[in-house]
Amino acid sequence: MKEFCIDYRIPASNDANLQKQGGDPRGIMMMISAVICGKLNDQVTMEFSAAHKYLAMACAFDRIGLKILGQRFLQQYDEEREHAMKIVKYLRTRPVRLWCD
C-alpha cells in the first residue's frame with residue numbers, strides 16, 4: 001500500500017534553513033500531489049532497477065574479457081544511479097514519504 005504525500009507551509013521566519021533545503025524563501029513549499037509523489041517514487045524504483053541491470057551487464061562483459069563494453073555499461077550504471085539520486089534528494093527536501101518497491 002502506498003502512502004499519500006502531505007504538503008504543508010513552513011513558517012517564513014526560517015528563511016535560511018528553508019533556502020538550504022531548496023524551499024521557497026517566502027516560506028511556502030511547492031505543493032506535490034499524491035499522484036506526482038507516487039510517480040516520482042515509481043521513477044526512482046525504475047532508475048535503480050535500470051542501474052542494477054547495467055551493473056550486471058558490465059560485470060558480465062568484464063567476465064568474458066570485453067573490458068571496453070564493461071566500462072561503457074558501468075558509465076550507464078552511474079548515470080542511472082545519478083538520475084535516481086537527484087529525485088531522491090529533491091523528495092527529501094519535501095514533506096513526503098519515500099519508498100522503493
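1. The protein chain exposes about 7200 Å², with 60% of that supplied by carbon and sulfur atoms. Accessible areas come from the Shrake-Rupley method with a 1.4 Å probe, and for residues only the protein chains shown count as cover.

2. This is a predicted model, in which local features need pLDDT of at least 70 and side-chain atom pairs count only at pLDDT 80 or more, while totals for chains, interfaces and linings use all residues. Residues are numbered from 1 along each chain as its sequence is written, and side-chain values use heavy atoms, leaving out hydrogens and water.

3. The protein chain has 3 helices and 0 strands, in the order α-α-α from the N terminus. Helices (H or I, at least four residues) and strands (E, at least two) are DSSP runs, numbered from the N terminus.

4. Of the 101 residues in the protein chain, 26% are buried (under 20% relative accessible area; exposed is over 50%, partly exposed in between; 1.4 Å probe, protein chains only).

5. The largest nonpolar core has 8 residues: Ile 32, Cys 37, Val 44, Ala 84, Ile 87, Val 88, Leu 91 and Val 96. Helix H2 (34–63) and helix H3 (67–92) each supply at least two of its residues, and H3 gives the most, with 4. Such a core is a set of buried Ala, Val, Leu, Ile, Met, Phe, Trp, Tyr and Cys residues joined through side-chain atoms within 4.5 Å.

6. Leu 69 lies in helix H3. Leu 69 counts as partly exposed because its relative accessibility is 38%.
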